Amino acid sequence: MSPAMLKTIGVLGGMGPEAGAHFFERLVHETGARRDQDHPPVVLYSLPQVPDRTAALVGGGPSPAAAILRGLRVLREAGADFAVIACVSAHAFLPRLGRRAPLPLISLIDETVAAVKRMRPVPERVGLLATTGTIRAGILAGAFRDAGIQVLAPSARDQAKVMTAIYGRRGIKVGFVEGRPREAVLETAAGLIRRGARALVAGCTEIPLVLEPSDLPVPLVDPLVFGARAAIRLSGARLRRP
């Protein structure tokens, strides 16, 4: 497609800010561009003031739905043709938007499940590294179950480690991507693999900030990678060849 005809990708980030930046990096990396003009236009709106999704899902905190809707409207007004929300747990609130969503949305959930189904062989069980809110909401587990794939969640003890790694005073959201946060995620990943997980899903967009595919003996499925690829295809740009 001619660069002048490419659709504009909208990205609603800020949940957290570094995860949104990571998604933009994936868009750049996954595009098969020979020159600047081959990349699709992107509008990134980082909105950290969206209420915490996990607090809303498990702690009775305020719903982020209204803030997400406002963010999508900003993207539309800025010229986006469609949008990706760079936060997995935020997808639990999308049904509440319904027809009020001002833009077509790419679902990280759908793209993640589709990516796992394309694996050969298709894993019978995947391990889920995510916030407690995402796990309790069942948004990934339900989608995988419908696809005939079992999801293994961490033990209560390991899940507490993951939450501390993400939200702790020296956690990923504060900017610590080495040391204990990384160790805790690796320990939890190892536990899921011992229980039979044949792939691991980074069900929180902070997880890929501390975990690399090369760290694991099984595939690591990053929803941001597959969301980025879907956005590139929809924009009309070319994907980078493997």
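How many residues does helix H8 have, and how far does it reach from its first C-alpha to its last? In this predicted model, select residues 156-167: helix H8 has 12 residues and reaches 16 Å between those two atoms, close to the 16 Å expected at 1.5 Å a residue.

Within H8, next select Asp158, Gln159, Val162, Met163, Ala165 and Ile166, which are its buried residues. Turn the view to look down the axis of H8: the buried residues fall within an arc of 160°, so they line one face of the helix.

Now select Ala156, Arg157 and Thr164. These exposed residues sit on the face of H8 turned away from its buried side.

To see what covers the buried residues of H8, display helix H2 (53-58), helix H6 (132-137) and helix H9 (180-194), which are among the covering elements.

Finally, select the entire chain and colour it by secondary structure, which comes to 10 helices and eight strands. The radius of gyration is 17 Å, close to the 18 Å that the globule rule gives for 242 residues, so the chain is as compact as a globular protein of that length. Along the principal axes, the C-alpha atoms fill a box of roughly 50 × 40 × 35 Å.

With the whole chain still selected, consider burial and contacts. Of the 242 residues, 52% count as buried. Among contacts between residues at least 6 apart in sequence, 73% join residues at least 24 apart.

Technical notes. Residues are numbered from 1 along each chain as its sequence is written. This is a predicted model: local features need pLDDT of at least 70, side-chain atom pairs count only at pLDDT 80 or more; totals for chains, interfaces and linings use all residues. Side-chain values use heavy atoms; hydrogens and water are left out. Helices (H or I, at least four residues) and strands (E, at least two) are DSSP runs, numbered from the N terminus. The expected span of a helix is 1.5 Å times one less than its number of residues. Buried means under 20% relative accessible area, exposed over 50%, partly exposed in between (1.4 Å probe, protein chains only). The arc is that of the directions from the helix axis to the C-beta atoms. Contact means heavy atoms within 4.5 Å. The radius of gyration is taken over C-alpha atoms; the globule rule is 2.2 Å times the number of residues to the power 0.38.
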